[in-house]
Amino acid sequence: MTTQSHPVPVLPTPSPSALESLDAEALTACLHRRVEAALLLCREVHPGLPRPKVWLDLRGKSAGQAHFSRGGLRFNKQLFDENRQAFLVEVVPHEMAHWLVWHLEEGPRLRPHGREWQTVMRQLFGLVPSTTHRFDVARASPSPYRYACGCQEHFFSMRRHRRALRGQAYRCRQCAQTLVYIATQTSEGC
């Protein structure tokens, strides 16, 4: 019996050792099979749910994204490779829950992590609804641009660095000083 606080995942949990032995092509195939299994589960409650396309083109800190205008799900290849089992168990159902809720009659008007999405996570997938992952994003989202204030160094992503170069001012949350770019040897030579 499933309790409210500790649901049991409905989709089978893949073996960590089996996942670790997979090469990139086999791992991608595993992701597609997991999306298909989640889709079949979703179709039990919404038979007309369209099959999402699947891309491994998401970068940065996000593990996954339901991209409705492109008609599918985007996943972060780096985070998937580094967190294979957790990714398949948590991220795929998370994004498929978004996909299902969006395709409900009122879907586009519903909150992304609202009551309906949480219900799908709990009752359909047997998972605790969590809006964030706990993956190490250091390699997936490098922030190589160094800035400084009066009390510490800060590291910016390329997007934030470009905004700063265009005049967007950023302040330190600790000392409230404006952050100043520190040119590094590698960035000066580019």
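For handedness I call a crossing left-handed if the near helix is turned anticlockwise from the far one by less than a right angle, and right-handed if clockwise. Helices here are DSSP runs (H or I, at least four residues; strands are E, at least two), numbered from the N terminus.

This is a predicted model, where local features need pLDDT of at least 70, side-chain atom pairs count only at pLDDT 80 or more, and totals for chains, interfaces and linings use all residues. Residues are numbered from 1 along each chain as its sequence is written, and side-chain values use heavy atoms, with hydrogens and water left out.

**α4 with α5**

I looked up helix α5 (residues 115-124) against α4 and got axes 9 Å apart at an angle of about 125 degrees; axes are lines fitted to C-alpha atoms, for helices over the stretch in contact, and angles run from 0 to 180 degrees between N-to-C directions. That makes the pair oblique (under 35 degrees is roughly parallel, over 145 roughly antiparallel, 65 to 115 roughly perpendicular, the rest oblique). α4 passes α5 in a right-handed crossing. On the α4 side I noted P93, H94, A97, H98, L100 and V101, meeting E116, W117, V120, M121 and L124 of α5 (contact: heavy atoms within 4.5 Å).

**α2 with α4**

The axes of helix α2 (residues 24-43) and α4 come within 10 Å and cross at roughly 40 degrees. I therefore wrote down α2 and α4 as oblique to each other. The crossing of α2 past α4 is right-handed. Among the α2 residues meeting α4 are L27, L31 and V35, and the α4 residues include F87, L88 and M96.

**Second largest pocket**

Which residues lie nearest its centre? I found E90, V91, H94, S130 and T132, out of 17 lining residues. Helix α4 (residues 84-102) gives the largest share of that lining, five residues.

How values were computed. On a 1 Å grid over the protein atoms alone, a cavity is a set of points where a 1.4 Å probe fits but cannot get out, and a pocket is an open set with protein on both sides within 12 Å along at least five of seven lines; lining residues have an atom within 4 Å of a point.
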